[in-house]
Amino acid sequence: MKIRVDDIKDQPRLLRSEEPLETLPGLTAVQESGDCEFLSPVTVELTVAREYDHIRVKGNLSARIRLNCSRCLGDFETDLASVFTIFFRKEDRVALDEEEVELAEEDLISVTYQGDEIDFAPEIAEQVIMELPLKPLCHESCRGLCPVCGVDLNEQECTCAGSSFSLKFSALKDFKFDK
Ligand SMILES: [Zn+2]
Ligand SMILES: [Zn+2]
């Protein structure tokens with residue numbers, strides 16, 4: 001998804017497209033890793049406008065995806081959505097110095113471009129990857145698998161509750177493990 005810099009004017013311009021996975025760098029690898037399956041192309045809406053010394057891009061992404069629940073290990077489908085704003089600046093020495101200042105402001109993403117064309121694909125791919133949950137949950141209240149017998153507690157009760165193991169387990173569950 002590219003645009004010629006000369007075609008960007010002060011008047012905001014809406015670009016809309018359906019981006020197949022292969023056009024977004026890194027997403028095919030994400031899919032092959034098994035963490036996320038893309039069930040649709042990524043719908044991209046970008047509002048592009050020239051502003052002061054930069055180009056402002058407001059973006060809206062969505063895609064239908066299938067994830068694997070980190071508690072019950074079941075597959076589930078969900079909508080991925082991302083809203084973001086990126087400032088593109090022409091790459092030169094001054095802009096590189098400025099970039100460090102710019103990055104201190106958390107919500108603003110500042111990117112440089114070279115030449116007379118901007119390719120949005122790398123930034124779009126990055127936004128998609130940032131939206132993928134580290135620990136996907138099929139539902140907020142997913143009960144997960146029984147740590148003793150392994151049944152899916154969303155579907156079935158088991159008789160392990162109350163055993164010494166599960167008491168120990170529940171005493172520990174307030175701690176956060178970083179694996
Ligand atoms: Zn689940
Ligand atoms: Zn059990």
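A residue counts as partly exposed when its relative accessible area falls between the buried limit of under 20% and the exposed limit of over 50%. The views below all come from a predicted model.

**View 1. Four cysteines hold the zinc ion (ligand 2).** Start with Cys149: its relative accessibility is 41%, so this residue is partly exposed. Its SG atom coordinates the zinc ion (ligand 2) together with the SG atoms of Cys146, Cys158 and Cys160, at 2.3 Å. The angles subtended by the four donor atoms run from 105 to 112 degrees, and the arrangement is therefore tetrahedral. If you trace the donors of this ion along the chain, you will find the spacing C-x2-C-x8-C-x1-C.

**View 2. The zinc ion (ligand 1) is also coordinated by cysteine SG atoms.** Here the donors are Cys69, Cys72, Cys138 and Cys142, at 2.3 to 2.4 Å. Their angles around the zinc ion (ligand 1) span 105 to 113 degrees, which makes this site tetrahedral. The sequence spacing of the donor residues reads C-x2-C-x65-C-x3-C. Cys69 and Cys72 are both buried.

**View 3. Arg64 pairs with Glu77 and with Asp79.** In the salt bridge between Glu77 and Arg64, the closest N and O atoms are 3.4 Å apart. Glu77 belongs to strand β6 (residues 75–90) and Arg64 to strand β5 (residues 54–68), so this pair ties together parts that are 13 residues apart in sequence. Arg64 is partly exposed, at a relative accessible area of 31%. For the salt bridge between Asp79 and Arg64, the closest N and O atoms are 3.1 Å apart. Asp79 is exposed, its relative accessible area being 54%.

**View 4. Arg66 joins the picture through Glu77.** Their salt bridge has its closest N and O atoms 3.4 Å apart. Arg66 sits in strand β5 and Glu77 in strand β6, 11 residues apart. Arg66 has a relative accessibility of 27% and so counts as partly exposed. Through shared partners, salt bridges connect Glu37, Arg64, Arg66, Glu77 and Asp79 into one network. Across the whole structure, a search finds 10 salt bridges.

**View 5. Thr28 lies in helix α1 (residues 27–32).** With a relative accessible area of 32%, Thr28 is partly exposed. Leaving aside residues up to four places away in sequence, Thr28 touches Leu21 and Glu22. Thr28 and Phe38 are 10 residues apart in sequence, and their C-alpha atoms are 9.1 Å apart in space.

Note on methods:
Residues are numbered from 1 along each chain as its sequence is written. Chains are lettered from A and ligands numbered from 1 in the order in which they are written. This is a predicted model: local features need pLDDT of at least 70, side-chain atom pairs count only at pLDDT 80 or more; totals for chains, interfaces and linings use all residues. Side-chain values use heavy atoms; hydrogens and water are left out. Donors are N, O and S atoms within 2.8 Å of the metal (3.2 Å for Na, K and Ca); water is not among the atoms, so sites may look incomplete. Four donors count as tetrahedral if all angles lie between 85 and 135 degrees; four count as square planar and six as octahedral if opposite donors are over 155 degrees apart and all others between 65 and 115; anything else is irregular. Buried means under 20% relative accessible area, exposed over 50%, partly exposed in between (1.4 Å probe, protein chains only). Helices (H or I, at least four residues) and strands (E, at least two) are DSSP runs, numbered from the N terminus. Contact means heavy atoms within 4.5 Å. A salt bridge is a side-chain nitrogen of Lys or Arg within 4 Å of a carboxyl oxygen of Asp or Glu.
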